[in-house]
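Have the sequence and the 3D view handy, and look up each residue as we get to it.

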Amino acid sequence: KDICEGAGGSAPSFFYNLDNKYLIFKAWVPGINNRMWYSDGTENGTSAFYCEECNNGDNAPNSNLTAFKGKVYTSLPHRDNGRELFALDPTTGEATFAEDFAGGSVDGNPNVFGEFDGRLWMEAVSGGVQYLYYTGNGTNFFRCDTWQNCFIENGYCFVKGTFYGYGLPSGSATWGVYRFDETDRNSERTLVHGGVACGMANNGIEAGYSLRNAGGKLVYAVTTGDWANPATNQGVFSYLYCKEDGVAENIEPDFGPQEDVDNLFSLPACKHNGKIFRNSQIILSYQGKNYSILGTPIK
């Protein structure tokens, strides 16, 4: 598709693959500025989203995009309400206004999207404060830093049906990495690793960031001392938590030598009543030998 016809360039970017059926992206159109587009891989199936409630100026995301229930969600400028949440549906070609977090013309800037427990999660501004929201309740669930967008820097992730994020839960006084298992805003939040607000430096207090799901464990980085000398005050930690029985273990991961061929696949086992239990063995045939993904090799 030649969006900017002739020698001019439309500078397409912000590419997003929706279910291998559509490509979502932004592109520059002369006289119209940036717009969100979708394409099914054909020239006739490539078009700009129609957005009745979007601002007529530069209409492009300032955050990430994510798929949720067949649509792509992102932050776009509303004609009256600032940058807020919109849903892009390539099957209809429309971008629909979804939520005004900040109210009035103030930017809510929803971003850092993720899906957990059948709901779309995001960070957004309300009353000048960053909160973590999820679809279905419309109220804040997790407070972030009041001056810096902490989840953008530190992120959050989901491991084995449990949510992990770095921030300050509503009503709490302790910043840190927290976990919670359910989307009920009154559910118990458990402090995994204590810390301070994003970007703030206090000697001897940890700050967690770069949360990742690594083979069923939460792995994250921690700054534990003077931020002016980070080389001597950083570490990588892993956290194993089995939701089934509530057993948790906070350990530093071992990144030692690789296991031999008889242990090609290794996943952390969950502890239960003081014993080790594992899921049903899955058998894999590899180079003429049979191996179980969990357990000992089968001769």
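Strands here are DSSP runs of E with at least two residues, numbered from the N terminus (helices are runs of H or I with at least four), and two strands count as paired if DSSP finds at least two bridges between them. A quick word on the ground rules: this is a predicted model, where local features need pLDDT of at least 70, side-chain atom pairs count only at pLDDT 80 or more, and totals for chains, interfaces and linings use all residues. Residues are numbered from 1 along each chain as its sequence is written, and side-chain values use heavy atoms, with hydrogens and water left out.

Back to our pair. β5 (residues 66-68) and β6 are joined antiparallel by three bridges. Their hairpin has two residues between the strands, and in it Lys69 adopts a positive phi near 55°. On to the next neighbour: β6 also runs antiparallel to β7 (residues 82-89), with seven bridges, and Tyr73 sits opposite Ala87 in β7. That hairpin, β6 with β7, has three residues between its strands.

So is β6 enclosed or open? Seven of the eight residues of β6 (residues 71-78) are buried, so the rest of the structure largely encloses the strand. Buried means under 20% relative accessible area, while exposed is over 50% and partly exposed lies in between (1.4 Å probe, protein chains only).

Now for the cysteines. One disulfide turns up, where the term means two cysteine sulfur atoms within 2.5 Å. The partners are Cys51 and Cys54, with S to S at 1.9 Å. Their link is right-handed, with 75° about the S-S bond.

| Residue | Relative accessible area | Class |
|---|---|---|
| Cys51 | 16% | buried |
| Cys54 | 4% | buried |
| Cys4 | 8% | buried |
| Cys157 | 8% | buried |

Finally, the nonpolar cores. A core is a set of buried Ala, Val, Leu, Ile, Met, Phe, Trp, Tyr and Cys residues joined through side-chain atoms within 4.5 Å. The largest one has 15 residues, and those touching the most other members are Tyr164, Val177, Leu211, Leu218, Tyr220 and Tyr239. A second, separate core has 13 residues, including Ile24, Cys54, Leu88 and Ala95. Cys54 is also a partner in the disulfide.
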